Amino acid sequence: IRVATWNIAGGHRSVQAPTAFSAFDQRSKVTGEVLRWEGAFGCYFVALQECEGPEAYAEMLGTYELAGSAEAVATRGCVHLYVRRNMTYERVDVGRSDPCVAVRIDCGEGEASAGSLVIAAVHLPVGDCAGKRQRILGHVVGSTGVDAERVLFVGDMNAKDGEVDDICQQLKLNQARYSGASWGVPGNGFYADLPATGRGLRKDRVLFGK
């Protein structure tokens with residue numbers, strides 16, 4: 001299972017972009033990069049955060065279909081979860097209060113619940129609210145009808161390393177670790193007032209069941 005996640009800051013234009021660079025140009029660049037990932041890495045699922053609205057991006061629909069979208073009220077925009085076409089999946093109802101879109105796929109034989117895996121795309125609240133972030137993930141697990149070991153979370157979790165370690169311990173999850181950072185990286189000139197955070201932070205995560 002190959003997944004990808006990207007907070008695309010939809011509707012925000014880089015301060016380095018030329019004046020004539022439009023929202024359409026930005027969306028074309030973003031979707032073009034996502035489709036390049038599909039060609040290079042064969043991504044089955046793509047989670048996007050801070051999309052401008054709930055509607056699918058038309059540029060994606062030749063390769064993917066939009067499984068669903070959810071508004072991220074505490075942060076910005078909408079969460080989209082795209083599934084590669086010709087894959088069989090079922091939308092999972094996790095309620096309308098959480099910034100999450102989830103789908104269930106069948107990964108084995110026998111009873112569906114025994115071989116199923118839930119992919120959950122999230123955009124968790126930012127700021128001093130670690131308990132709230134953990135409660136959202138816990139609620140999603142409880143809503144899926146499967147054990148945490150059969151849930152794969154992907155998205156912008158707005159959580160530092162120590163907090164993610166605590167979440168993994170409490171919910172019995174692992175994380176796909178990576179080097180580098182996904183926010184506040186020195187030299188990133190997208191926002192004029194991007195805060196200096198040393199080497200940057202890993203806010204974007206993939207968590208999966210033990």
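Leaving aside neighbours within four places in sequence, which residues is Glu 163 in contact with? The partners are Ala 130 and Arg 133, where contact means heavy atoms within 4.5 Å. Before we follow that lead, a word on the model: it is predicted, so local features need pLDDT of at least 70 and side-chain atom pairs count only at pLDDT 80 or more, while totals for chains, interfaces and linings use all residues. Residues are numbered from 1 along each chain as its sequence is written, and side-chain values use heavy atoms, with hydrogens and water left out.

Let us start with the helix around our opening residue. Glu 163 lies in helix α3, which covers residues 161–171. Helices here are DSSP runs of H or I with at least four residues, strands are runs of E with at least two, and both are numbered from the N terminus. Glu 163 is buried, with a relative accessible area of 16%; buried means under 20% relative accessible area, exposed over 50%, and partly exposed in between, using a 1.4 Å probe and protein chains only. An α-helix has 3.6 residues a turn, so residues three or four places apart point the same way.

Side chains of opposite charge can pair when their charged atoms come close. Arg 133 and Glu 163 meet through their side chains in a salt bridge, at 2.7 Å from N to O; the term stands for a side-chain nitrogen of Lys or Arg within 4 Å of a carboxyl oxygen of Asp or Glu. This pair links distant parts of the chain, with Arg 133 in helix α2 (residues 130–144) and Glu 163 in helix α3, 30 residues apart. Arg 133 counts as buried because its relative accessibility is 4%. Elsewhere, salt bridges that share partners join Asp 161, Arg 202 and Arg 205 into one network.

How many salt bridges does the structure hold? There are 10. One of them joins Arg 84 to Glu 38, with the closest N and O atoms 2.9 Å apart. Here too distant parts of the chain are linked: Arg 84 sits in strand β4 (residues 78–84) and Glu 38 in helix α1 (residues 23–41), 46 residues apart. Glu 38 counts as buried, at 19% relative accessibility. Another salt bridge brings together the side chains of Arg 104 and Glu 90, at 3.4 Å from N to O. Arg 104 belongs to strand β6 (residues 100–106) and Glu 90 to strand β5 (residues 90–92), so this pair ties together parts that are 14 residues apart in sequence. Glu 90 is partly exposed, with 45% relative accessibility.

Strands β5 and β6 bring us to the sheet. It is an open sheet of 6 strands in the order β5-β6-β7-β8-β10-β9, with mixed pairing; two strands pair if DSSP finds at least two bridges between them. The edge strands, each pairing on one side only, are β5 and β9 (173–175). Neighbouring strands of this sheet are turned by 25° against each other on average, direction ignored. Axes are lines fitted to C-alpha atoms, for helices over the stretch in contact, and angles run from 0 to 180 degrees between N-to-C directions. Within the sheet, β8 (residues 151–156) and β10 (residues 204–209) pair in the antiparallel sense over 5 bridges, and Val 154 stands opposite Val 206 in β10. Helix α2 packs on the sheet, touching β5, β6, β7 (116–123), β8 and β10, and its direction makes about 140° with that of β8. Helix α3 packs on the sheet as well, touching β9 and β10, with its direction at about 150° to that of β9.

Asn 158, in the loop between β8 and α3, has a positive phi of about 50° although it is not a glycine. Asn 158 counts as buried, at 11% relative accessibility. Lys 172 follows α3 and has a positive phi near 60°; its place is in the loop between α3 and β9. With 58% relative accessibility, Lys 172 counts as exposed.
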